[in-house]
Amino acid sequence: MARIAQALLKRLGGMAIVLALVVTVVFIIVRVTPGDPAAVMLGSDATPEDIAQLRTRLGLDAPLLMQYGQFVLGILQGDLGQSIFLNQPVTTALAARAEPTFFLTLFSILIAVAIALPVGILSAVRRGTIFDQIVVTLTMVAASVPSFWLGLILIQVFAVGQGWFPASGYGGPGTSFIERLHHLVLPAVALGIVNSALITRFTRAAMLDVLGDDYVRTARAKGAGEARVILKHALKNALIPIITVIGLSVAMLVAGAVVTETVFGLPGVGNLVVSAVLRRDYPVIQGALLVVAAIYVLINFIVDMLYILVDPRVRQ
Amino acid sequence: MKKSAFVLMTLAALAGTSSLALAQAGAQANEGVLTVATIGEPPTLDVMQTPTDIVLTIDQHIFETLYTYDAQWKSVPLLAAGMPTLSEDGLTYKIPLREGVTFHDGSAFDAKDVTASLKRWMAINSKGKQVAGIVESLTEDGDHAVVIKLKSRYAPLLATLSQASVILPSEKIADTLTEFVGTGPYALKERKPDQYIQLVRFDDYKSPEGEISNYAGKREAIAKEIRFVPVPDANTRVEGLISGQFDYADSLPVSAYERVEGSGNAKPVIFKDAGWASMNMNMKEGLLVKKELRHAVQAALNPNDMMLAAFSDDRFFSVDGSIFPEGSFWHTDAGVERYGEGDPEAAAKLLEEAGYDGTPLRLMTSRQYEFHYKIGEVAKAYLEAAGFKVDLQVVDWATLTTRRADPKEWDIFITHSNFPGDPTTINTITDTYPGWYVSDQKAKAVAAYMDATTDEAKKAAWEGIQTVIYDDAPLYKVGNFNAVSGLANGVEGYEPTYWPHFWNVSPKK
């Protein structure tokens with residue numbers, strides 16, 4: 001138990017270091033990237049004097065070290081700063097966009113897992129059959145397809161062709177929660193299919209590793225049914241790499257839904273980051289990337305904790 | 001097993017909502033909602049601070065100016081009751097104001113609102129600041145007139161009072177606007193950034209009278225509601241229009257024209273001469289400080305080939321040396337002899353005469369506007385054929401706007417503009433605009449324009465300015481481009497304008 005607590009503390013310390021690095025690196029990157037938020041905000045008619053005035057008003061002409069100090073101090077107080085363009089706190093802007101990103105990530109991973117686990121297991125069990133070969137080929141194709149392209153195809157077929165789903169957006173004024181979720185179906189399917197490819201391949205490989213092991217042969221010899229052998233004995237032992245890849249996929253979805261959110265016009269965190277980068281809205285870029293990094297680190301932490309749950313050897 | 005069942009149940013529930021959402025969409029259309037897909041989220045709704053196209057497009061439904069533009073881009077009354085009375089010396093403008101107009105908050109519009117709003121505009125808007133330097137006093141003359149006294153004659157005054165100089169209730173004026181209250185046909189109800197901007201019909205709206213002409217004339221808020229939805233991806237705007245989700249989709253790629261036309265659900269709309277592309281030259285530092293080399297650039301380029309590469313079909317562009325397009329009051333051929341068809345040999349001769357030493361010409365462009373990039377590619381080929389060594393620098397738009405402010409960084413940048421209501425509000429004419437066009441003959445020509453008080457005198461002075469621009473060559477006009485947008489079948493009364501507007505437009509039934 002003391003060992004687990006020690007490992008936990010070590011992990012938390014590591015997380016703090018990673019986040020501190022992210023804060024610094026992001027701060028430096030956004031400021032060394034050419035492009036001035038004041039110039040973007042004022043449009044092409046702006047004179048250099050107008051731009052200089054706005055920079056002063058926004059505090060962009062303060063020394064970099066002072067800006068960095070204010071940023072870090074703000075983070076420690078739970079304040080990620082004020083968006084230059086949205087004229088609202090970054091935390092408010094992020095909170096307003098958390099819902100679509102959260103449900104998009106959730107549905108995508110549910111879809112991916114729902115496809116990947118059964119298909120991956122079946123493909124491993126029927127290794128070398130036509131089914132297996134088809135799965136291997138299709139997962140290779142799905143992994144190579146960009147999610148935005150798949151998104152556009154889904155829009156053409158199911159939004160334009162069939163009219164079943166909206167092509168874009170997250171609903172207008174007064175839209176109910178269920179209607180908002182309805183807007184997420186096509187983007188979630190696009191992301192889910194692409195992510196299912198990787199999870200399927202990992203599931204198949206992990207299952208192939210364990211299916212030939214002695215304890216599986218022993219279980220069969222003892223007369224256990226095939227379903228019990230595969231799901232209880234083999235799958236349980238193959239879970240560690242599968243959990244790892246699912247965890248990585250969730251983390252990548254949080255950060256990687258950027259393009260899909262843009263294609264589907266979803267007002268999520270990814271879309272906010274893209275707009276913020278184009279507008280050079282420094283506080284939003286910094287705040288959003290910090291939150292995404294924190295989620296990424298947290299998911300990795302949860303995955304590590306899950307190892308302890310599923311594998312007694314890790315506990316020891 | 002439990003996980004799979006949960007997934008299936010979730011998907012089934014989501015699929016079941018499709019009919020619900022479609023039924024609601026139909027109900028909204030019957031209630032008269034216009035859904036407009038725009039190119040993105042406006043940075044702000046404070047048009048005085050940020051007068052960009054997307055802000056102007058949305059704000060014109062909420063706010064109004066004293067004057068607005070008719071089909072010839074001449075200023076005509078909007079909140080003003082008539083054209084101003086001008087003193088004999090051309091320095092004092094008395095502007096009568098319409099009576100009975102109210103703001104969305106119910107307060108009455110009067111002279112106090114005008115002076116307070118124009119003072120804010122002169123303090124924070126770039127054009128307003130230019131006007132502020134000329135204005136001696138701005139006063140109320142009773143409740144329904146204002147008087148503007150100038151230090152010197154200023155011909156573009158009415159044009160500048162026709163755009164971004166919106167009138168707000170004096171009580172709501174602040175450095176940073178928190179309430180967006182105007183006199184326009186629609187009032188702001190809700191803004192959810194990156195999701196929608198919801199405008200609702202202003203029932204007490206008092207419309208100007210007169211025949212509809214561009215932004216002038218009668219305005220009627222037919223649709224009960226207008227929703228501006230940001231859809232940054234152009235293909236998604238196209239598909240959303242065709243699927244019936246949007247009633248209007250702004251700024252479509254020209255390649256989508258046939259798809260929209262053939263869809264049977266929507267039609268493409270072309271707005272002719274929406275703007276013009278230009279290559280602006282650095283006259284302050286670097287290679288092109290030498291006028292002879294700028295003339296060599298003029299001689300080398302072929303505008304038709306550049307526009308064809310950028311817009312792929314002559315339905316979407318026109319090539320015209322006049323800075324203003326045909327149909328505009330300001331269209332003139334004065335000085336356009338230098339607008340050539342690309343003569344690399346003549347350009348090479350000019351290069352030799354100028355003693356060009358092979359220093360690379362830094363041509364800066366952006367892929368944010370794909371046509372800028374394509375123009376840059378063709379320009380590079382023509383300039384190299386003439387003997388220039390070209391360093392084509394492709395950067396994102398934010399980087400370009402920063403770099404162009406530094407005269408050490410570039411020689412030419414590619415940009416585009418709309419056709420403003422007054423020729424002297426063209427950016428390049430300003431001494432401080434990147435390119436830093438300062439010349440004695442320009443100053444004289446602009447002074448003659450500023451002094452003009454009649455339309456005829458202004459036109460003659462503008463011909464002088466255009467001639468000087470071609471001789472000084474601060475920019476190379478590439479050509480005029482048309483804007484393509486899409487309108488859903490069943491939407492009626494839409495008239496294409498530079499900043500698309502939706503008063504007088506009937507939604508689908």
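**The sheet and its surroundings**

Mentor: In this predicted model, chain B contains an open sheet of four strands, whose order is E4-E5-E7-E6 and whose pairing is antiparallel. At its two edges stand strand E4 (85–86) and strand E6 (135–140) of chain B, each of which pairs on one side only. The partner of E6(B) is strand E7 (residues 145–150) of chain B, and five bridges join the two in the antiparallel sense. Within this pairing, B:Thr139 lies opposite B:Val147 of E7(B). A helix accompanies the sheet: helix H3 (residues 111–124) of chain B packs on it and touches both E6 and E7 of chain B. The direction of this helix makes about 150° with that of E6(B).

Further along chain B, another strand deserves attention. Strand E16 (residues 412–417) of chain B pairs in the antiparallel sense with strand E12 (residues 266–281) of chain B, over six bridges. In this pairing, B:Ala277 is opposite B:His416 of E16(B). E16(B) also runs parallel to strand E14 (residues 361–366) of chain B, to which two bridges join it. Here the bridge partner of B:Met364 is B:Phe413 of E16(B).

Chain A may now be considered. It has 14 helices and zero strands. The C-alpha trace of chain A spans about 85 × 60 × 35 Å along its principal axes. Of its 316 residues, 42% are buried. Among the contacts of chain A between residues at least 6 apart in sequence, 74% join residues at least 24 apart.

Where do the two chains meet? The contact takes 51 residues from chain A and 49 residues from chain B. On the chain A side, several helices each supply at least two residues, including helix H5 (90–125) and helix H12 (269–279). By class, this side of chain A has 30 nonpolar, 15 polar and six charged residues.

How is one helix placed against another? Two packed helices are described by the angle between their axes and the distance between the axes. H5(A) and H12(A) pack at an angle of about 130°, and their axes are 7 Å apart. The residues of the contact between the two helices divide into five nonpolar, two polar and one charged.

How values were computed. Residues numbered from 1 in each chain as written. Chains lettered and ligands numbered in written order. Predicted model: local features only at pLDDT ≥ 70, side-chain atom pairs only at ≥ 80, totals over all residues. Contact = placed C-beta atoms within 7 Å. Nonpolar A, V, L, I, M, F, W, Y, C, P; charged D, E, K, R; others polar. Pairing = 2+ DSSP bridges. Axes fitted to C-alpha atoms, helices over the stretch in contact; angles between N-to-C directions. Buried ≥ 20, exposed ≤ 12 C-beta atoms within 10 Å, placed from the backbone.
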